[in-house]
Amino acid sequence: MVAKRLALGLLTLIIISLLIFLGVELLPGDVAEAILGQSALPETVAAFRKELKLDLPAHIRYFSWLGDLAKGEFGNSLANGRPIADLIGWRFSNTLFLATVAALIAVPVAIILGILAALYRNSLFDRLISMATLSTISFPEFFVAYILIALLSVQIIIFPSISNINEQMSLFEKIHAIFLPCLTLTLVVVAHMMRQTRAAIINIMASPFIEMARLKGLNRTRIIVLHAFPNALSPVINVVAINLAYLVVGVVVVEVVFVYPGLGQLLVDSVSKRDIPVVQASGLIFATVYIGLNLLADVLSIISNPRLRNPK
Amino acid sequence: MGKILDIKNLKIEGYSNEKWVEIVHGIDLTLDKGEVLGLIGESGAGKSTIGLASMAYTRQGCRIASGSIVFDGMELFGASKETFRKIRGSRIAYVAQSAAASFNPAHRLIKQYAEAPVQHGLMDFAEAEQKAIDIYRRLLLPDPEKIGYRYPHQVSGGQLQRAMVAMAMSCQPDIIVFDEPTTALDVTTQIEVLAAIKHITEQFDMAAIYITHDLAVVAQLADRIMVLRYGNLVEEGEARTLLDNPKEAYTKDLLSVRTFRKPTDQNDHNQNIILKVQDVSASYTGKEMVLEDINLKIRRGKTVALVGESGSGKSTLARVITGLLPPLQGQIIFEGKELPPDLKSRNREHLRQMQMIYQMPDTAVNPRQKIRKIIGRPLSFYFGMDRKKRENRIIELLEMTELPEKYIERYPGELSGGEKQRICIARALAANPNLIICDEVTSALDQLVAEEILKLLQRLQNELGVSYLFITHDLATVKAISDEIVVMLQGRIVEQGEKQEILTPPHHEYTDLLLSSVPEMNPDWLDNLLAERQAAQSL
Amino acid sequence: MAFFKLLRQSPLSARIGMAMILINIAAAIFAPVIAPYGETEVVGDVWLSASKDHLLGTDHIGRDMLTRLIYGARNTIAIAFVTTMLSFLIGSISGFFAATIGGWTDLTLSRVIDILMAFPTLIFALMVLSVTGTSITALIFVIAVLDSTRVYRLSRAVAMDIEVMEFCEAARLRGERTWWLMRHEILPNAMPPLVAEFGLRFCFVFLFIAALSFLGLGIQPPTADWGGMVRENAGAITFGIFTALWPAGAIAFLTVGVNLIVDWFLHIASGLKD
């Protein structure tokens, strides 16, 4: 079952790389003309085509592109001619850093709040929480971000509104620098994750075996820890992984707001410059992380499901 | 003997449409030590709610409004959660209808068995393990030493149900509440569970509340019976007295249910065959056969009952006949002509002549269509009737199924289960069919309602001369309505013939098992049967 | 009539939600009538603070903020609405179709959708837009197609639940065609979850377009659009000029309104089930 799922994930990845490749192929005219413009000299276009290997047939280019990717060679940026690997490398690690810190805060907070809201359903606490999540779900990321900037960086000057980080900074300085983007991401993701955790727990608590546990006279803690939790594990893990995937993608907008030197910022810049090789490379990286996390979610929930773990 | 449970003037409310509505109206209930009390009633009688309330428990959306629940001298109404916790599981235990849903899928059976005694501080795990194995053995579970170490989904339905009875026994409680513990089981499996329950309550001299809709089942177990209806007590009395000599009309109705019999016509030699199933084999996967070498005939204006337990392939046969599942081999011959095997290649006329009625009237009619459209669609589809003709015919069909004319404007949601089933019958009749396939049409209905439906179907057959293929697991229904009987087991026909012929011994071995497993109103039936079977085994 | 009865029973939160949406719709429809100035008219200095002439001040090139906000409602809501409609048209028809037909059609369609869904929507949209360029038609089509995958999933699942019910089998045995099944048996029963989903998808599409515009890849200036307006005026926030919060708040205002109604609707839909 797990192996089947992994194979499916790999297949998805291959198809997506193909789609990314084909997407560029379908461009009206070709990349060289699109970039150089209509007025470019035919010789310049020809030379450029050669550099992009556009003179070779499509399937050969696809496999050589894929082979290069596997070796970590992404080619050169069209905009400034620098190797894409250099551009992406540290930006990707910055993005991962931001996403990881946000996840480390968001996951435990969301799960604990979600469980509490489910256990004290319809209490004042639950209502407050669902009102708060309803609004954060409705707010665009940049709205949350600018409110935080207005409050914590303009009205009271505690955190920087531009999250510039570099390799010389200490961990503490880095965290101070990314505090606001991190808080933005956390707020947005916590809301989603909490809502889904709450729903998963409520669903489990309504099952007949929980009623049976109550009728056996077990105490509340035991019912929750021993009876509800092992069965809630699978759905909750799923919720977490899906939200992490969401977080990795949601990072794009937040990076732009805070001018954070991450992969998302690079992707957006390259799209507006139509720097297609960079778009391909960073898009593929985002897609891989996203698919990977979704895959992890499925595998973990298969493993943590008692019925699937102990087959007949 | 002293009272172990004494409930007085119990009122329970349920939350619906934003307000609390009383659903149990002041019930008094007493239970002596070692006594088995049967609570009987149709759906909506409040019997499960009362059963749970004896543990001072209510489901989500219900609450105990007033009354007194005294267990062994302790008042439970308004008592602390701590008191409830101490009593539940250890002194009053519960056995639910569905064991598959009530066992936690994450833990082994024996761990769930041991949980209550260990948590209530009665014994340690090792001791509980030993006791569990002992009880599994007494309940005749196969491989009692090992079965406890399986997970719930690894054990069959009947065994799981017995494992739940064992779990309820784990603390040797004073009372066990059995909530329809055999309703979801086949008759032959039901016997095993009934025998287990009877055995264990007698052996440990335990008091029990047994909740069921089936009077014959409760007759085997209960010392005393309470008949409930709409949250009120109808009648209460010693089991034998009440069965022999019921006072209230409702109890009499419940007792006389299943007495309807179609008159048999001895000199009937009509050989006009409408449907012939020839050498049919079918499979869903292409490998495992669900049906093998099926041959049967249905005569015009007659009823063939197809009997079998779950997994016998009887519903699959209906799918093959209707064309939903093309057979791997064999032919369906209808009105003398071979039918194309799959639905798509049959023409409208083929489809019209063969109609179907289903088990669940709730899902068999579209809740978003008015009755006018439900019955009217076949009329315009098959006969191209215009609005006016259609309207008249719908009203005619409503009359035939004994429904008021005004129902034409209603949605199914405004009708009761039995009325919805009548709508389904009307829809089938709208096509003027020669054959109607009835798939468990009475199983989801309360017994009194089911009886009325059977009578209606019989009357329609007499008037219209339509044939029925009646698929059912319920032998009482078979006895009531059939002309011929076909018994199926694991995809094969084990026996078939005229009703008289099948119902009078000697039977085929399986038919015998099936027939003898149907509970009878006689309170000694179970004891006699078990004694007989034991004797047969020791021979 | 049933509709008005339902309205009268609606809780306060849903009524607030309806009022919020009505304000937006009114602004969108009557934009030229109620807006004090022209959509792209420069009326004063850059980033003027609120005054009697300019209730919400002016933007980064001196246009009236309130006017831009009102026209923004028109453009942003209309595009999001058209996109959602298109996405529902594609998603629900193919979803119903897959569920009713079953077999290979269903299998192939579902596999393709699985793969499309495995791809993060924002990234996919960014990549496609980098190829097609940013035009409103491209935007609507790209987002509608991407979003229709989610609609497909839901419609298929809902239709499957309905399709297994006996009344569908009865219609099949009667000899009804696929289209009739979809239109008369499945659709009426699938309406409640689909309507709720429409609200949710609308919010998602609306936020998504706002995000793209904010990134400079959505609706292009000088067309007034809330996401783009946030982007244009965001630079001033660090100087204590909070003009950008107006359009951002307007986006939040509309989505909160829709969500309030969706919540209420989900509540009744789940209550009606049994």
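Two salt bridges are counted between chain C and chain B in this predicted model. One of them joins the side chains of C:Glu176 and B:Arg377, with an N to O distance of 2.6 Å. Ten residue pairs in polar contact, both residues at pLDDT 80 or more, are also counted between chain C and chain B. On the chain C side, helix 8 (166-174) and helix 9 (178-214) each supply at least two residues that touch chain B. Helix 8 of chain C gives the largest share, seven residues. By class, this side of chain C comprises seven nonpolar, three polar and six charged residues.

In total, 16 residues of chain C are in contact with 21 residues of chain B. The area buried between chain C and chain B is about 1,800 Å², with 54% on carbon and sulfur atoms. C:Glu166, C:Leu173 and C:Arg174 account for 39% of the area that chain C buries against chain B, more than any other three residues.

Between chain A and chain C, 41 residues of chain A are in contact with 36 residues of chain C. About 3,300 Å² is buried there, and carbon and sulfur atoms give 83% of this area. One salt bridge is counted between chain A and chain C; the side chains of A:Arg195 and C:Asp263 meet in a salt bridge at 3.4 Å, N to O. Three residue pairs in polar contact are found across the interface of chain A and chain C, both residues at pLDDT 80 or more. Several helices of chain A each supply at least two residues of the side that touches chain C, among them helix 1 (2-25), helix 11 (220-257) and helix 13 (276-303). That side of chain A divides into 30 nonpolar, nine polar and two charged residues.

Note on methods
Residues numbered from 1 in each chain as written. Chains lettered and ligands numbered in written order. Predicted model: local features only at pLDDT ≥ 70, side-chain atom pairs only at ≥ 80, totals over all residues. Heavy atoms only, no water. Contact = heavy atoms within 4.5 Å. Buried area = accessible area lost by both parts, 1.4 Å probe. Salt bridge = Lys/Arg side-chain N within 4 Å of Asp/Glu carboxyl O. Polar contact = N/O pair within 3.5 Å; in protein donor to acceptor, adjacent residues only side chain to side chain. Helix = DSSP H or I, 4+ residues; strand = E, 2+ residues; numbered from the N terminus. Nonpolar A, V, L, I, M, F, W, Y, C, P; charged D, E, K, R; others polar.
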